[in-house]
Amino acid sequence: MASAVLKVAAAGFSKCSRATILRGHSTTASLHQGVPGSLWKLGKLNHIAIAVPDMEKATALYRDVLRATVSEKVPLPEHGVYTVFVELGNTKLELLHPLGEKSPISGFLQKNKSGGLHHICIEVDDITAAVADLKSKNIRTLSAEPRIGAHGKPVMFLHPKDCDGVLVELEEA
């Protein structure tokens, strides 16, 4: 019935406009066809991580020059980094500095002497479901299982070669 009403209403429009109206109100094809709605959801941007060669200098820039609120420096030996979080209101910056000889940040800083953007972190509502779904779509992860991240929540890093050159961290909200 609804489609008949649309057809009658569209009768006065050109063929192109009529097709657009009918297509715009179609209920036969869902945009998410074949994707379970309750599997997992992508949330907000949690933080942007920046690798820094000098943590004290970088912290002073954000705290003293830009007048942002910054956290204390926290060692995360299981990840091989020191972190400082910079509060921005709508998100955070995570300053990363190497901790230990096997730190992944050491390698990054060897290639990028001045530091730079390291990764983005996006929240998900169910990290286990997100990781399983992404692996089924051939998105590689940097570890077999989620690990506990800087916020005390499970995280998983996605391979940058599968994410348009960006290292993506997923964090359970």
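Reader: Let's start with a helix: in α5, which residues are buried?

Author: Keep in mind that this is a predicted model. Helix α5 spans residues 127-136. An α-helix has 3.6 residues a turn, so residues three or four places apart point the same way. The buried ones in α5 are Ile127, Ala129, Ala130, Val131, Asp133 and Leu134.

Reader: And what covers the buried residues of α5?

Author: The cover includes strands, and they come from separate parts of the chain: residues 116-124, 154-158 and 168-172. By name, these are β6, β8 and β9.

Reader: Which residue caps the N-terminal end of α5?

Author: Look for a side-chain oxygen 3.2 Å from the backbone nitrogen of Thr128. At the other end, just after α5, Asn138 takes a positive phi of about 65 degrees. The N-terminal cap itself is Asp126.

Reader: Now the packing. Which element gives the largest share of the largest nonpolar core?

Author: That core has 14 residues, and those with the most contacts inside it are Trp40, Val124, Ile127, Leu134, Leu158, Val168 and Leu170. Two or more residues each come from β6, α5, β8 and β9. The largest share is five residues, and the element giving it is α5.

Reader: Is His47 buried or exposed?

Author: His47 sits in strand β1, residues 42-51. Buried means under 20% relative accessible area, and His47 has 1%, so His47 is buried.

Reader: Which side chains does the side chain of His47 make polar contacts with?

Author: Leaving aside neighbours within four places in sequence, His47 is in contact with several residues, among them Phe85, His119, Cys121 and His151. For polar contacts between side chains, there's one of 2.9 Å and one of 3.2 Å. The partners are Glu94 and Glu169.

Reader: What lies over the face of Tyr82?

Author: The structure holds zero aromatic pairs, but there is a charge over a ring here. The distance to the ring centre of Tyr82 is 4.7 Å, and the residue is Lys73.

Reader: Arg67 has a positive phi; is Arg67 buried or exposed?

Author: Arg67 isn't a glycine, yet its phi is about 60 degrees. Arg67 is found in the loop between α3 (55-65) and β2 (69-70). Exposed means over 50%, and Arg67 has 72% relative accessibility, so Arg67 counts as exposed.

Reader: Where does Asp164 lie?

Author: Asp164, another residue other than glycine, has a positive phi near 55 degrees. Its relative accessibility is 81%, so Asp164 counts as exposed. As for its place, Asp164 lies in the loop between β8 and β9.

Reader: Zooming out, how many helices and strands are there?

Author: From the N terminus on, the order is α-α-β-α-β-β-β-β-α-β-α-β-β-β. Of the 173 residues in the chain, 36% are buried. The tally is five helices and nine strands.

Definitions and conventions:
Residues numbered from 1 in each chain as written. Predicted model: local features only at pLDDT ≥ 70, side-chain atom pairs only at ≥ 80, totals over all residues. Heavy atoms only, no water. Phe/Tyr/Trp six-rings, centres within 6.5 Å; stacked < 30°, edge-to-face > 60°. Lys NZ or Arg CZ within 6 Å of the ring centre and 35° of its normal. Helix = DSSP H or I, 4+ residues; strand = E, 2+ residues; numbered from the N terminus. Buried < 20%, exposed > 50% of the residue type's maximum accessible area, 1.4 Å probe, protein only. Polar contact = N/O pair within 3.5 Å; in protein donor to acceptor, adjacent residues only side chain to side chain. Contact = heavy atoms within 4.5 Å. Core = buried A, V, L, I, M, F, W, Y, C linked by side-chain atoms within 4.5 Å.
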